[in-house]
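Keep the 3D view open as you read.

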Amino acid sequence: MNLFLLLVLLAEAVLLFRLEKKMWHTGYTPLNFLMLPYVAVLGVTLLLSGHLELDEFYYPSLIPWIIGLPLFAMPGWLFFLADRRFATRKDTEKLAETSRKSYRFEIGLAVAIIITLSIRLVVFLTQGRGVIGSEHFGELFAGNGWAGHLLLIGAALLILLLFENSRYWPTWLVSAFILFFLFVYQVKSWIILPLFAVFFALLMTQRIKLRLRHLLWIGAGATGVFFISYLLIYISGNQLFPEATSVGAQLKSIAGLFVHYLTSGTLGWSADMQQGILEEPNLQYIFAPFYNLWYAITGQPVISGINPEYLHTGINLTNVRTFLGTLFVFTRPTGFAACCLLFGTGCQFFFGLFRRYRNTCTTLLYAWTCTVLFMGWFDFLPYLSNVFEIPFWIVVITLIQSIFCKIEKTKPWISSRS
């Protein structure tokens, strides 16, 4: 039975991938960004489960993915049938880069954010509120309030600048500062996700081609960010691994934690389903940002979309359940099907915008959508308000850019120099 379920999932993945490629003439579709990373991490999980103190994998946890992937893809098939011309559009257009004024605006805004956050950082350090590297200090620094929103605007600017104007040294300088503040914030995913979005945008617009070395660099970079973040916690004096008294012992402990994080979604969902699913259906965990927006307007207390149920996978505790696993535990069967169709429709909408209206805004909105789906092997990220705030600021900044372009009424200055 176990082998049968695995073979069904793998056969389904192959068939769906071939169907998507035949319909859209590209592999960069929402379904593939959700499906392929999950299958890859699942393979690693199956190799490691039962070893390195990890629990055995529970194969029936594949069933919601087997059912959910076609449901997620179905809206795309309907869009394809509705408009064949849209489906066969060739992705060969080149995006014009920003004008001189809009580039200066982006750099100026980034500098203002950097100066403001630098002052805040210096004040916090002089007040003795903690040291850089600790998660507590990161939460105080930009976990909420105006500083948190500034950091998210900075992340949106990082994506825009690296995608549009990566050839110019001011871009790399301000990007380095923004990445530094993201490190201070000490949430690993928010360091990695903006860079993933840039990489995916470059792939989709054919500015770079996917190569094996790119995948190796991505893996090495993400691993490096993980290790550096936890080494900063050690250097800051926090005893995350009290038993590890040397740097070498810390690295060994961090390596074990890395394995845990890599498999925490697949094994967390596996353990949850094996125990009969501990969570009660509650759509507030799926649509937490929208509930909180309404609660903020009506003056009610906001809620958290974080799963409160922690399970032990053999190395550590986890409360993440993969993208479709999270949808499954917080909905009933009909709700699961409806949510798969709903989120599939939303992602396909951004895919359609990207293919029909090729510009910076639609490209980056779709790239961000794919980034969120790419992390589906780990968890369902749309429960976080940050997932929606970053694209919001991308839209705002690109609208301001379009105003500058109309005022300038000239060809893009960067293109004229190329």
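Start with the residues Tyr 285, Gly 305, Asn 307, Asn 319, Thr 326, Phe 330, Asp 379, Phe 380 and Tyr 383: together they line the largest cavity. A cavity here is a set of points, on a 1 Å grid over the protein atoms alone, where a 1.4 Å probe fits but cannot get out, and lining residues have an atom within 4 Å of a point. Its volume is about 50 Å³, where volume means the space filled by probe spheres set on the points, with grid points joined across faces, edges and corners. The lining splits into 4 nonpolar, 4 polar and 1 charged; Ala, Val, Leu, Ile, Met, Phe, Trp, Tyr, Cys and Pro count as nonpolar, Asp, Glu, Lys and Arg as charged, and the others, Gly among them, as polar.

A quick word on ground rules. This is a predicted model, so local features need pLDDT of at least 70 and side-chain atom pairs count only at pLDDT 80 or more, while totals for chains, interfaces and linings use all residues. Residues are numbered from 1 along each chain as its sequence is written, and side-chain values use heavy atoms, with hydrogens and water left out.

Back to one of those lining residues, Asn 307. You'll find Asn 307 in the loop between α12 (288-298) and β1 (311-312); helices (H or I, at least four residues) and strands (E, at least two) are DSSP runs, numbered from the N terminus. Asn 307 is buried, with a relative accessible area of 6%, because buried means under 20% (exposed is over 50%, partly exposed in between; 1.4 Å probe, protein chains only). Leaving aside neighbours within four places in sequence, Asn 307 is in contact with Glu 279, Asn 319, Arg 321 and Phe 330, contact meaning heavy atoms within 4.5 Å.

Glu 279 and Arg 321 also lead us to Asp 272, which touches both of them, along with Ile 277, Leu 278, Leu 311 and Val 329, not counting residues up to four places away in sequence. Asp 272 sits in helix α11 (residues 247-274) and is buried, at a relative accessible area of 0%. Its side chain reaches the backbone nitrogen of Leu 278 at 2.9 Å. Asp 272 and Tyr 58 are 214 residues apart in sequence, yet 9.3 Å apart in space, C-alpha to C-alpha.

How many cavities of 30 Å³ or more does a search of the whole structure find? There are 2.

Now for an open space. The second largest pocket has a volume of about 530 Å³, a pocket being an open set with protein on both sides within 12 Å along at least five of seven lines. It has 18 lining residues, and the closest to its centre are Leu 195, Val 198, Phe 199, Trp 217 and Ile 218. The lining of this pocket takes its largest share, 7 residues, from α9, and by class it has 14 nonpolar, 3 polar and 1 charged residues.

Finally, zoom out. The protein chain has 17 helices and 2 strands, and buried residues make up 50% of its 418 residues.

Definitions and conventions
Polar contact = N/O pair within 3.5 Å; in protein donor to acceptor, adjacent residues only side chain to side chain.
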